[in-house]
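This briefing reviews selected features of a predicted model. The points are grouped by topic.

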Amino acid sequence: MRILVINGPNLNMLGKREPEHYGTDTLESIERALIEKGEALGCELVFFQSNHEGSIIDFLQEEASGADGILINPGALTHYGYSLHDALVDSGLPVVEVHLSDIHAREKWRQISVISDVVIKQISGLKTRSYLLGLEALVEHIRSGECK
């Protein structure tokens, strides 16, 4: 099983950026935790991070045909990334959306996710654990053969 793990704008700054919202873990430490969880679940993870929506879309278009699912923290693209929304739909893959902070308890504009209607699950507010639970949910969904 091959899972694309995508991180959007500013997530490369984790560990330095607003630890009260995002915690102190770096993107690298989150990826290490996901690799360990992925090995336990028997899946291969392909990581990608970009501050540019077009680069994320290019990655999705190039990699989706060889993947079984997508775990994504779109960062700020959550709130306005309509072309990302369309690329996720076009992938035809099950998608789990994760956020380190609780987007529903933050500023009004952060409470809106333009991709929420294409995901099988959204997990937020659990810091690194959001990613780990998201991966578990995605793998369980894929293994069960459920359709969205």
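Phe-59 is buried, its relative accessible area being 9%, below the 20% limit for that class. Its ring belongs to the 1 aromatic pair that a search of the whole structure finds, and the partner ring is that of Phe-48.

**Aromatic pair**

- The ring centres of Phe-48 and Phe-59 lie 4.4 Å apart and the planes meet at 5°, so the pair counts as stacked.
- Because Phe-48 sits in strand β2 and Phe-59 in helix α3, the pair ties together parts 11 residues apart in sequence.
- Phe-48 is partly exposed, with a relative accessible area of 21%, whereas Phe-59 is buried at 9%.

**Sheet and packed helix**

- The model contains an open sheet of 5 strands with parallel pairing, in the order β2-β1-β3-β4-β5.
- At the edges stand β2 (44–49) and β5, each of which pairs on one side only.
- Direction ignored, neighbouring strands of this sheet are turned by 20° against each other on average.
- Helix α3 (residues 53–63) packs on the sheet and touches β1, β2 and β3 (69–73). The direction of helix α3 makes about 175° with that of β1.
- Strand β4 (residues 95–99) pairs with β5 in the parallel sense over 4 bridges.
- Opposite His-99 stands Ser-124, a residue of β5.

- Most residues other than glycine have a negative phi.
- Asn-10, which is not a glycine, has a positive phi near 70°. This residue lies in the loop between β1 (2–7) and α1 (19–22).
- Asn-10 is partly exposed, with a relative accessible area of 34%.
- Lys-127 likewise is not a glycine, and its phi is positive at about 55°. Its place is in the loop between β5 (121–124) and α6 (128–144).
- The relative accessible area of Lys-127 is 30%, so this residue is classed as partly exposed.

- Thr-128 is found in helix α6.
- With a relative accessible area of 12%, Thr-128 is buried, because buried means under 20%.
- Neighbours within four places in sequence left aside, Thr-128 is in contact with Asp-25, Ile-30, Ala-33 and Leu-100.

Methods:
Residues numbered from 1 in each chain as written. Predicted model: local features only at pLDDT ≥ 70, side-chain atom pairs only at ≥ 80, totals over all residues. Heavy atoms only, no water. Helix = DSSP H or I, 4+ residues; strand = E, 2+ residues; numbered from the N terminus. Buried < 20%, exposed > 50% of the residue type's maximum accessible area, 1.4 Å probe, protein only. Pairing = 2+ DSSP bridges. Axes fitted to C-alpha atoms, helices over the stretch in contact; angles between N-to-C directions. Contact = heavy atoms within 4.5 Å. Phe/Tyr/Trp six-rings, centres within 6.5 Å; stacked < 30°, edge-to-face > 60°.
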